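Here is a short note to read beside the structure.

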Amino acid sequence: MNARGTTIVGGGLVGALLATLLAQRGFEVDVFERRPDPRKAGYAGGRSINLALAERGLHGLRLAGLTDEIMRLAVMMRGRMVHHRDGRTELLRYGRDDSEVIWSISRGRLNIALIDAAERAGARFHFDRRLVGAAFGDGVALRFHDDVADSTHEHACAYVLGADGAGSALRAAMNAQRALGERIEELGHGYKELEIPALPDFPAASLPPDTAAALARGERFAIERNALHIWPRGGYMCIALPNAEGSFTVTLFLPNAGDPSFATVATPAAARALFERDFADVLPLIPELEQDFGANPVGVLSTLYLDRWHLDGRALLLGDAAHAIVPFHGQGMNCGFEDAVELAGLLGEHDGDLAWTFAEFERRRRPNAEAIATMALENYVEMRDSVADAGFLLRRELGRVLAERHPGRFVPRYSMVTFTRMPYAQAFARGAIQDALLHELAAGRERIDDVDLGQADAQVRERLTPLDAS
């Protein structure tokens, strides 16, 4: 068996991009996916959060030659539109201007576009193939079951790459062969997916004035289209991301226990009562709240840690199969796409020594995966609570001022993570230094005018070395 004959388990986002990159490099690629072909069966909704495409993910799409095609499916988001309890809204920009934005895109539409691209590059997809067994000897023997035809299929290969998500069947098979040191840390919170429909199809009889005016103008978006909307409520929150056709994917995040929680908000009627109390301004925009709440499952939020990502040169995990994270930094897909780019490059250069290649991939990517996992957990607290906190907003404003006064030296951590391809681990370490500095400078102050900017300038020059933030 030839090392350039590559088998990928998982035809989701990361698997499909990896298949494209490898096929473009001359690899013969077979992709096995347990779900049916989404181009024929449709894409299952109700369990996936919309995706935020940022620079790291865009880089992978550029390498695959897919930027123009994918961006036609995306909606720009300039920042977080915070919806306060009293009805006030304010936009907290992500970056300096519209050159620093992120993009909302439907997981299903993106996945279909990536599958099409991989097939154009020469990859072969095998749908309805659920991995039920694997043996790792001189090569790899995989066994798949087709639940539709109720048949079993065998597949032999030199090595296998696992991009089959947080519940990876390949990871389970590898772990049975040799312990991977798997640890799953539950967040203790879950989510439900809801929807704000596009305005042309909006059935609600009573709309907020701004939305009614937008409908009269023939617009499609019920609320500001170019923002990620957040209703922060301390220990819980609601968010909404725009879709290209005018709808918004709404996600309610609640603890699993306590009040309110998915234990106390367990019925459609309880969900309506919660929205009437805590999210009153968005309630008229979700006409099928009860139906969606009752039909869609509670999603699980957890972080996956492994001590080992590979079995020598026979099997390797990447993306969520190796390091699933919570979605609150919008970096899960972007991190997975970085994995695909890194691995495709390594395999293209070192496919003759797979044991070294797999170990090197893990060595390069593990510190970055661990860093973004930590930052994603921190960002949940920021989104649900801190964006409404005066101290956080002052530090955020001070950070912007220092970034303007010291370009290339003080770069907000969010910018390093989102708008550059700086290694996550480096952004995390530098961000910790900057955050400590902001806390010191803003301590006891209420307004930006109270901060001694001369002292701040001196501290920035003393503590932070210049870097290329591009």
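1. A residue counts as buried when its relative accessible area is under 20%, as exposed when over 50%, and as partly exposed in between (1.4 Å probe, protein chains only). By this rule Asp37 is buried, at 8% relative accessibility.

2. A word on the source. This is a predicted model, in which local features need pLDDT of at least 70 and side-chain atom pairs count only at pLDDT 80 or more, while totals for chains, interfaces and linings use all residues. Residues are numbered from 1 along each chain as its sequence is written, and side-chain values use heavy atoms, with hydrogens and water left out.

3. How many salt bridges does the structure hold? The count is 36, where a salt bridge is a side-chain nitrogen of Lys or Arg within 4 Å of a carboxyl oxygen of Asp or Glu.

4. One of these salt bridges joins Asp37 to Arg39, with an N to O distance of 2.9 Å. Asp37 is buried, whereas Arg39 is partly exposed, with a relative accessible area of 31%.

5. Asp312 takes part in a salt bridge with Arg308 at 3.3 Å, N to O. Asp312 also forms a salt bridge with Arg314, where the closest N and O atoms are 3.4 Å apart. Are these residues buried or partly exposed? Arg308 is partly exposed at 22% relative accessibility, and Asp312 is partly exposed at 30%. Arg314, with a relative accessible area of 14%, is buried. Elsewhere, Asp37, Arg39, Asp116 and Glu119 belong to one network, joined by salt bridges that share partners.

6. Next, the strands. Helices (H or I, at least four residues) and strands (E, at least two) are DSSP runs, numbered from the N terminus. Strand 10 covers residues 140–146, and five of its seven residues are buried, so strand 10 is largely enclosed by the rest of the structure.

7. Which strands pair with strand 10? Two strands pair if DSSP finds at least two bridges between them. Strand 9 (residues 130–136) pairs with strand 10 in the antiparallel sense over six bridges. In this pairing Ala134 stands opposite Leu142 of strand 10, and a hairpin of three residues joins strand 9 to strand 10.

8. Strand 11 (residues 151–157) also pairs with strand 10 in the antiparallel sense, over seven bridges. Ala156 in strand 11 is the bridge partner of Ala141. Strand 10 and strand 11 form a hairpin with four residues between them. In the turn, Asp150 has a positive phi of about 55°.
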